Amino acid sequence: MRTEDFWHLIDQARAGGGGEPGPVAARAVALLAERDPEDIVGYARHQTRVLAASHRADLWGAAYLINGGASADGFEHFRGWLMTQGRAVFARAVADPDSLAELPQVRAASLSGEEFSAEQMLSVPWDAYRKATATELPADRDPVRTPDLNDFWDFDDEEEARRRLPRLAALFVEPPPE
């Protein structure tokens, strides 16, 4: 599956899923299950590459600020939610995690405390393959390695958050004393 096909399917799921992560994931499963099993395997491989490319310390820091904390699983689930936002938002967030401060739902979450998570997006290819073939998705023989996060920083360090993610810190970290 090509990159365009992967994101087109997610866009289709978003259009029919009402924008909420659960319905988007369910629609993605239904749309993907209609395809050939080879396409589902291709989607799974592409999703693995997308998640590996987004496994970055500053994006994890953004998830931590936005969600009020993010374990390793929480960061995975946050990136599942980020996938439901579409290719442009996802790519912009990977390139510049602080750009998430521009999203209306993130700005609203700074006041409401809403957290962003979509664990169900991570299981889309497995659920679709099972639905289409009544068997399990074959294991990938050429797995993508997750990057090492050597530039990990203390996400609880408010000054570091302000330096690395100034727009998000302005929303989610107490303002500095004057």
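**Figure 1. Helix 3 (residues 37-53) gives the largest pocket the largest share of its lining.** Four residues of the lining come from this helix. The model is predicted. The pocket holds about 210 Å³ of space. Its lining numbers 10 residues, and those closest to the centre are Arg45, Leu137, Pro138, Ala139 and Asp140. By class, the lining of this pocket divides into six nonpolar, three charged and one polar residues.

**Figure 2. Helix 3 crosses helix 5 at roughly 115°.** The two axes come within 11 Å. Angles of 65 to 115 degrees count as roughly perpendicular, and helix 3 and helix 5 are therefore roughly perpendicular to each other. The crossing of helix 3 with helix 5 is right-handed. On the helix 3 side, the contact residues are Tyr43, Gln47 and Leu51. Helix 5 meets them with Glu76, Arg79 and Met83. Three residues of this contact are nonpolar, two are charged and one is polar.

**Figure 3. Helix 5 (residues 72-84) packs on helix 6 (residues 87-95).** The angle is about 135° and the axes lie 7 Å apart. Helix 5 is therefore oblique to helix 6. Arg79, Leu82 and Met83 form the helix 5 side of the contact. Val89, Phe90 and Ala93 form the helix 6 side. The contact of helix 5 with helix 6 has five nonpolar residues, one charged residue and no polar ones.

**Figure 4. Helix 2 (residues 21-33) meets helix 9 (residues 124-133) in a right-handed crossing.** Their axes come within 8 Å and cross at roughly 45°. Helix 2 and helix 9 are therefore oblique to each other. Helix 2 contributes Ala25, Ala28, Val29, Ala30, Leu32 and Ala33 to the contact. From helix 9 come Val124, Pro125, Asp127, Ala128, Lys131 and Ala132. The contact of helix 2 with helix 9 has 10 nonpolar and two charged residues, with no polar ones.

How values were computed: Residues numbered from 1 in each chain as written. Predicted model: local features only at pLDDT ≥ 70, side-chain atom pairs only at ≥ 80, totals over all residues. Heavy atoms only, no water. 1 Å grid on protein atoms, 1.4 Å probe; cavity = no way out; pocket = protein on both sides within 12 Å on 5 of 7 lines; lining within 4 Å. Points joined across faces, edges and corners; volume = space filled by probe spheres on them. Helix = DSSP H or I, 4+ residues; strand = E, 2+ residues; numbered from the N terminus. Nonpolar A, V, L, I, M, F, W, Y, C, P; charged D, E, K, R; others polar. Axes fitted to C-alpha atoms, helices over the stretch in contact; angles between N-to-C directions. Parallel < 35°, antiparallel > 145°, perpendicular 65-115°, else oblique. Left-handed = near helix turned anticlockwise from the far one by under 90°. Contact = heavy atoms within 4.5 Å.
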